[in-house]
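User: I'd like a quick walk through this model. Can we start with the pockets?

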Amino acid sequence: GLASPFIAQAFLAAGAALLMYVKTRADEFEAAQLARSQSQSGPQRAASSLQATCLAAVSIIVDYRHVLSTAGVTVVCLSLVRAVRQAAFPLWGEAIELSPTTIGLIVGLSNGMDLLFFYPAGIVM
């Protein structure tokens, strides 16, 4: 019925979250093994490595704050528009009394167009 796309999306989101968790744990395991193999003073070395990583991240953010503030705001706004589309089209279609089939077709075509632009956008980036 009408709930099946939402159920499928929930399963896809759960699968993506599981894959991210597994990948993160594997990366943490590799980092721990590397730290143990290079360890000169154990926990002190790991703490200094974490501190250096945090300082590097902060310095990158500070150095590129103008780019991040302008491009970051743009990306957030565009992402918001893409996310709202998933709810706005069906609600608006219902408000103007379109049939569920027509609304589904419009949403499907919209998602298809979104999917078609991923590859060209990746090339441009």
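Analyst: First, the term: on a 1 Å grid over the protein atoms alone, a pocket is an open set of points where a 1.4 Å probe fits, with protein on both sides within 12 Å along at least five of seven lines; lining residues have an atom within 4 Å of a point. A volume is the space filled by probe spheres set on the points, which are joined across faces, edges and corners. This is a predicted model: local features need pLDDT of at least 70, side-chain atom pairs need 80 or more, and totals for chains, interfaces and linings use all residues. Residues are numbered from 1 along each chain, and side-chain values use heavy atoms, without hydrogens and water.

User: What volume does the second largest pocket have?

Analyst: About 270 Å³. Its lining includes Leu 78, Arg 82, Asp 114 and Phe 117. Helix 3 gives the largest share, 3 residues. Helices here are DSSP runs (H or I, at least four residues), numbered from the N terminus.

User: And the largest pocket?

Analyst: Its volume is about 520 Å³. Of its 15 lining residues, Leu 2, Pro 5, Phe 6, Pro 90 and Val 107 are the closest to the centre. Helix 4 supplies the largest share, 6 residues.

User: Switching topic. Is Arg 85 buried or exposed?

Analyst: Buried (under 20% relative accessible area with a 1.4 Å probe, protein chains only; exposed is over 50%). Its value is 16%. Arg 85 sits in helix 3, residues 65-95.

User: What does the Arg 85 side chain pair with?

Analyst: The side chain of Ser 110, through a polar contact of 3.1 Å.

Notes:
Helices (H or I, at least four residues) and strands (E, at least two) are DSSP runs, numbered from the N terminus. A polar contact is a pair of N or O atoms within 3.5 Å; within protein, one must be able to donate a hydrogen and the other to accept it, and residues adjacent in sequence count only if both atoms are side-chain atoms.
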